[in-house]
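Colleague: I have not looked at this one before. Can you take me through it?
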Amino acid sequence: MDSETSIDTKKAYQKLGFEAILEAALKHTYTPYGKEFLHDLTPSTDPEKVSENLAYASEWMTILQSGSNHPLSVIDDVTEILKASRIKENTLPLEDFLIVF
């Protein structure tokens, strides 16, 4: 990587306020999936990825500004249930089946 394209990631994150934005977003995250997604999130310089993420953000802003409720606050964490269901010849208990489906 030449000096013209070299980016000091830590300084760039500080200038963007990325950590502050991440912390604020985590306070409003209801699901373990959302928390995991946010922890793995990094800023991108790929124009295609940036455009895609801006479209997602725009869609969410439209939903939030409409005043409509979204059901994301009531999603159960099914991670352990799904892990158990992958065990060969394992049957989901009815209670778990109802949560997943």
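Modeller: We can start with the chain as a whole, then go to one helix pair and a few loop residues.

Modeller: This is a predicted model, where local features need pLDDT of at least 70, side-chain atom pairs count only at pLDDT 80 or more, and totals for chains, interfaces and linings use all residues. Residues are numbered from 1 along each chain as its sequence is written, and side-chain values use heavy atoms, with hydrogens and water left out.

Colleague: How many helices and strands are there in the protein chain?
Modeller: The chain has six helices and zero strands. Both are DSSP runs numbered from the N terminus, helices being H or I with at least four residues and strands E with at least two.

Colleague: And what share of the residues is buried?
Modeller: Of the 101 residues in the protein chain, 10% are buried. Buried means under 20% relative accessible area, exposed means over 50%, and partly exposed is in between, using a 1.4 Å probe and protein chains only.

Colleague: OK, helices. How do α2 and α3 cross?
Modeller: The axes of α2 (residues 18-27) and α3 (residues 32-40) come within 10 Å and cross at roughly 175 degrees. Axes here are lines fitted to C-alpha atoms, for helices over the stretch in contact, with angles from 0 to 180 degrees between N-to-C directions. That makes α2 roughly antiparallel to α3, a label for angles over 145 degrees; under 35 is roughly parallel, 65 to 115 roughly perpendicular and the rest oblique.

Colleague: Which residues meet there?
Modeller: From α2, Leu22, Ala25 and Leu26 meet Lys35, Leu38 and His39 of α3. By class, this contact has four nonpolar, one polar and one charged residues. Contact means heavy atoms within 4.5 Å. Ala, Val, Leu, Ile, Met, Phe, Trp, Tyr, Cys and Pro count as nonpolar, Asp, Glu, Lys and Arg as charged, and the others, Gly among them, as polar.

Colleague: Which residues form the largest nonpolar core?
Modeller: Tyr13, Phe18, Leu22, Leu26 and Leu38 do. The largest share, three residues, comes from α2. A nonpolar core is a set of buried Ala, Val, Leu, Ile, Met, Phe, Trp, Tyr and Cys residues joined through side-chain atoms within 4.5 Å.

Colleague: Now the loops. Is Thr31 buried or exposed?
Modeller: Thr31, in the loop between α2 and α3, counts as buried because its relative accessibility is 11%. Its C-alpha atom is 6.9 Å from that of Asp77, 46 residues apart along the chain.

Colleague: And Thr29?
Modeller: Thr29 also lies in the loop between α2 and α3. Thr29 is buried, at 15% relative accessible area. Outside four places in sequence, Thr29 is in contact with Gly34, Lys35 and Leu38.

Colleague: Where is Asn90 found?
Modeller: Asn90 is in the loop between α5 (79-85) and α6 (94-100). Asn90 counts as partly exposed, at 34% relative accessibility.
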